[in-house]
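Here's a quick tour to read alongside the coordinates. Have the viewer open and follow along.

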Amino acid sequence: MGGVGTGPGGSGAPSFGLSVNPNQHYEMLKLHHMNLLNEIQETTLMMNLYQQQQLQQQGSLGGHGNYGGLKNNDMGMGMNQGMMNQN
């Protein structure tokens with residue numbers, strides 16, 4: 001018998017009271033991964049839009065410099081583009 005918090009047979013794997021098929025678990029992790037990639041992409045888009053707005057405001061006020069803002073595409077999605085199309 002397994003101890004408290006371990007799977008059947010004392011395997012050491014946590015037991016959550018749910019029997020999840022390994023394929024279901026993989027699909028769940030895959031979906032979670034895709035959701036995280038989408039969140040990163042959306043956040044990057046919002047950051048770039050905010051940066052553009054700030055630069056436009058500085059330009060219209062005659063301001064100079066970037067004030068420590070991100071350079072265009074510092075958080076670019078190039079590293080994630082290939083991952084999003086994998087199955």
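## A patch on the outside

Which residues make the nonpolar surface patch of about 310 Å²? Keep in mind that this is a predicted model. The patch is the work of Leu-45, Met-46 and Leu-49.

Take Met-46: you'll find this residue in helix H1, which covers residues 22–60. Met-46 counts as exposed because its relative accessibility is 55%, and the cut-off for exposed is over 50%.

## Helix H1 from end to end

After H1 comes Gly-62, which has a positive phi, near 80°.

As for what H1 hides, its buried residues are Leu-37, Thr-44, Asn-48, Gln-51 and Gln-58.

## The chain as a whole

Zooming out, the protein chain has two helices and zero strands. Of its 87 residues, 11% are buried. The accessible surface of the chain is about 7300 Å², and carbon and sulfur atoms own 59% of that.

What about contacts along the sequence? Among those in the protein chain with a separation of 6 or more, 47% come from residues 24 or more positions apart.

Technical notes
Residues are numbered from 1 along each chain as its sequence is written. This is a predicted model: local features need pLDDT of at least 70, side-chain atom pairs count only at pLDDT 80 or more; totals for chains, interfaces and linings use all residues. Side-chain values use heavy atoms; hydrogens and water are left out. Patches are made of residues with over 30% relative accessible area and no salt bridge: like charges are joined within 9 Å, nonpolar side chains (Val, Leu, Ile, Met, Phe, Trp, Tyr) within 5 Å. Accessible areas come from the Shrake-Rupley method with a 1.4 Å probe; for residues, only the protein chains shown count as cover. A salt bridge is a side-chain nitrogen of Lys or Arg within 4 Å of a carboxyl oxygen of Asp or Glu. Helices (H or I, at least four residues) and strands (E, at least two) are DSSP runs, numbered from the N terminus. Buried means under 20% relative accessible area, exposed over 50%, partly exposed in between (1.4 Å probe, protein chains only). Contact means heavy atoms within 4.5 Å.
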